[in-house]
Amino acid sequence: MLIARSVGLFVVAALFEIGGAWLVWQGVREHRGWIWIGAGVIALGAYGFVATLQPDARFGRILAAYGGVFVAGSLLWGMVADGYRPDRYDVVGALVCLAGVGVIMYAPRG
């Protein structure tokens, strides 16, 4: 149950962080305006809060593992939101990152 909660929190954190960054990008780079930028800043703040809800209390471990989720999630976001087509190296890299998440967060420790 703790692993499912942790994975779910990583997914929610990724939605907030990647979505927030995308909103800021849209506001600035695509000239959509301050409302988009403001929504992005709020989402990025929510990401920071969600990260604190992880069952493990070690900041370094959580942030390091989340990095792998961020990599894979960013590629998925790009596919859905921007029509990005990752190549095989993108996919392999994302899988390596997700394997790292598994080792960092969920490997049995004595």
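Student: At what angle do α3 and α4 pack, and how are they oriented to each other?
Tutor: This is a predicted model. In it, the axes of α3 and α4 lie 8 Å apart, and the helices pack at an angle of about 155°. Angles over 145 degrees count as roughly antiparallel. α3 and α4 are therefore roughly antiparallel to each other.

Student: What is the handedness of the crossing of α3 and α4, left-handed or right-handed?
Tutor: The residues that meet include Val69 and Ala72 in α3, and Leu98 and Val101 in α4. As for the handedness asked about, α3 passes α4 in a crossing that is left-handed.

Student: How many residues of each class does the contact of α3 with α4 have?
Tutor: On the side of α3, the residues in contact include Arg61, Ile62 and Gly68. On the side of α4, Asp90, Cys97 and Met105 are among them. Sorted by class, the contact of α3 with α4 has 2 charged, 1 polar and 13 nonpolar residues.

Student: How are α1 and α2 oriented to each other?
Tutor: The axes of α1 and helix α2, which spans residues 34-51, come within 7 Å and cross at roughly 160°. The crossing in which α1 passes α2 is left-handed. An angle over 145 degrees counts as roughly antiparallel. It follows that α1 and α2 are therefore roughly antiparallel to each other.

Student: Which classes do the residues of the contact of α1 with α2 fall into, and how many are in each?
Tutor: The contact is the one made where α1 passes α2 in a left-handed crossing. Its residues divide into 1 charged, 4 polar and 18 nonpolar.

Student: What is the handedness of the crossing of α1 and α3, and how many residues of each class make their contact?
Tutor: α1 passes α3 in a right-handed crossing. The contact is made by residues including Phe10, Glu17 and Trp22 of α1 and Tyr66, Phe70 and Asp82 of α3. By class, this contact of α1 with α3 has 2 charged, 4 polar and 13 nonpolar residues.

Student: Which element gives the most to the lining of the second largest pocket?
Tutor: The second largest pocket has a volume of about 180 Å³. Among the residues that line it are Val11, Leu15, Val69, Gly73 and Trp77. Its lining has 9 nonpolar residues, 1 polar residue and no charged residues. With 5 residues, the element that gives the most is α3.

Student: Which element gives the most to the lining of the largest pocket?
Tutor: The largest pocket has a volume of about 200 Å³. Residues that line it include Leu2, Ser6, Asp56, Arg58 and Tyr106, and the lining divides into 6 nonpolar, 2 polar and 4 charged residues. The elements that give two or more residues to this lining are α1 and α4. The most, 3 residues, comes from α1.

Definitions and conventions
Residues are numbered from 1 along each chain as its sequence is written. This is a predicted model: local features need pLDDT of at least 70, side-chain atom pairs count only at pLDDT 80 or more; totals for chains, interfaces and linings use all residues. Side-chain values use heavy atoms; hydrogens and water are left out. On a 1 Å grid over the protein atoms alone, a cavity is a set of points where a 1.4 Å probe fits but cannot get out, and a pocket is an open set with protein on both sides within 12 Å along at least five of seven lines; lining residues have an atom within 4 Å of a point. Grid points are joined across faces, edges and corners, and a volume is the space filled by probe spheres set on the points. Helices (H or I, at least four residues) and strands (E, at least two) are DSSP runs, numbered from the N terminus. Ala, Val, Leu, Ile, Met, Phe, Trp, Tyr, Cys and Pro count as nonpolar, Asp, Glu, Lys and Arg as charged, and the others, Gly among them, as polar. A crossing is left-handed if the near helix is turned anticlockwise from the far one by less than a right angle, and right-handed if clockwise. Contact means heavy atoms within 4.5 Å. Axes are lines fitted to C-alpha atoms, for helices over the stretch in contact, and angles run from 0 to 180 degrees between N-to-C directions. Angles under 35 degrees count as roughly parallel, over 145 as roughly antiparallel, 65 to 115 as roughly perpendicular and the rest as oblique.
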